[in-house]
Amino acid sequence: RPWPLTRPSATPITPEEEWRRLQPVLGSLAQVKKPGILFSLDTRNADTARKGLGAGIDWINDVGGFSSADMIAVVKNSDCKLVMMHSLGVPADKAVTLPEGADPVEVVNRWAKERIAGLERQGIAKSRLIFDPGIGFGKTAAQSLALLSGIGAFHALGVPIFVGHSRKSFLAAVAADRDSATLAVSLYLAAQGVDYLRVHDIARHAHMLNVWNDLAHDDRISAHSHTA
């Protein structure tokens, strides 16, 4: 399959080419949509977002953090959810990262507060916003791990948290097997109350989280732990 257009060294494409690739899929969206199933469109192009909303998209995920006036104009009067991601550039450039020695959680948290306030001033309700700290986008491996470790601090923003960490290169710093590392990080994030996890292996994650949830709410285990 083609590499994502946001990954390091990816070649940018025009909005026209982006829509040419998306249209065959989104054109049949109405036939496959079912109650309770939401569709998200990743784009930083306003024209693509407009066409996607017309096709029935529920979320717009903008890796540019909705910093474009054109994008804001497109989504402002819709009712879709908006995933605003922190980044220092797209496609990601490994040479461009947060300042060395800076606290990644503090820097990204400050950006998110400013972005939320800015979007509210432009008439976008906070209830529509979802925050993505942009793991791997403008962050070293150590900075990405620090963001995951301190993920709980972002709850104070008052919006749902969305994390895309699955199989990313920074995981090589903690484990050779990225799939196993992804599952471990996902479980940690779930325990920290993260609202949305963007992953590749959905079946294994669903199984893992179902087992974890069953154990967490098993009265027999709770009783045993209290008497141990």
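Visitor: Where does Arg167 lie?

Guide: Arg167 is in the loop that runs between strand E5 (162-164) and helix H7 (178-191), where helices (H or I, at least four residues) and strands (E, at least two) are DSSP runs numbered from the N terminus. The phi of Arg167 is positive, near 60 degrees, in a residue other than glycine.

Visitor: What about Ser166, buried or exposed?

Guide: Ser166 belongs to the loop between E5 and H7 and counts as buried, at 7% relative accessibility. Its side chain makes a polar contact of 2.6 Å with the side chain of His200; a polar contact is a pair of N or O atoms within 3.5 Å, where within protein one must be able to donate a hydrogen and the other to accept it, and residues adjacent in sequence count only if both atoms are side-chain atoms. Leaving aside neighbours within four places in sequence, Ser166 is in contact (heavy atoms within 4.5 Å) with Thr182, Arg198, Val199 and His200.

Visitor: On to H7, then. How far apart are its end C-alpha atoms?

Guide: They are 20 Å apart, which agrees with the 20 Å that the 14 residues of H7 should span at 1.5 Å a residue, the expected span being 1.5 Å times one less than the number of residues. At the start of H7, a side-chain oxygen of Asp177 comes to within 3.0 Å of the backbone nitrogen of Asp179, and after the helix comes Gly193, with a positive phi near 85 degrees.

Visitor: Which residues of H7 are buried, and what covers them?

Guide: Ala181, Thr182, Leu183, Val185, Ser186, Leu189 and Ala190 are buried in H7, and what covers the buried residues of this helix includes helix H6 (141-149), E5, strand E6 (196-198) and helix H8 (202-216). Ser186, for one, has a relative accessibility of 0% and therefore counts as buried; leaving aside neighbours within four places in sequence, Ser186 is in contact with His165, Leu197, Val199, His205 and Met208.

Visitor: Changing topic: what is the order of the strands in the open sheet?

Guide: The four strands have the order E1-E2-E3-E4, with parallel pairing, and two strands pair if DSSP finds at least two bridges between them. Strand E1 (40-42) and strand E4 (129-132) stand at the edges with a single partner strand each, so one side of each has no neighbour in the sheet. Neighbouring strands of this sheet are turned by 20 degrees against each other on average, direction ignored.

Visitor: And E3, how many of its residues are buried?

Guide: Four of the five residues of E3 are buried, so the strand is largely enclosed by the rest of the structure. Four bridges join E3 (residues 81-85) to E4 in parallel, and E2 and E3 also pair in the parallel sense over four bridges. Met84 in E3 is the bridge partner of Asp62, and Met84 also stands opposite Phe131 in E4. Helix H5 (residues 104-121) packs on the sheet, touching E3 and E4, with its direction at about 145 degrees to that of E3; axes are lines fitted to C-alpha atoms, for helices over the stretch in contact, and angles run from 0 to 180 degrees between N-to-C directions.

Visitor: Which residues is Ile116 in contact with?

Guide: Ile116, which is in H5 and is buried at 5% relative accessible area, is in contact with Met84, Lys126, Leu129, Leu157 and Val159, leaving aside neighbours within four places in sequence.

Visitor: Last one: what pLDDT does the chain average?

Guide: The chain averages a pLDDT of 89, and 90% of the residues score at least 70, pLDDT being the predictor's confidence in each residue, from 0 to 100. Over residues 222-228 the pLDDT is below 50, and this stretch has zero contacts in the model beyond near neighbours in sequence. Where pLDDT is low, the predicted coordinates should not be read in detail.

Technical notes:
Residues are numbered from 1 along each chain as its sequence is written. This is a predicted model: local features need pLDDT of at least 70, side-chain atom pairs count only at pLDDT 80 or more; totals for chains, interfaces and linings use all residues. Side-chain values use heavy atoms; hydrogens and water are left out. Buried means under 20% relative accessible area, exposed over 50%, partly exposed in between (1.4 Å probe, protein chains only).
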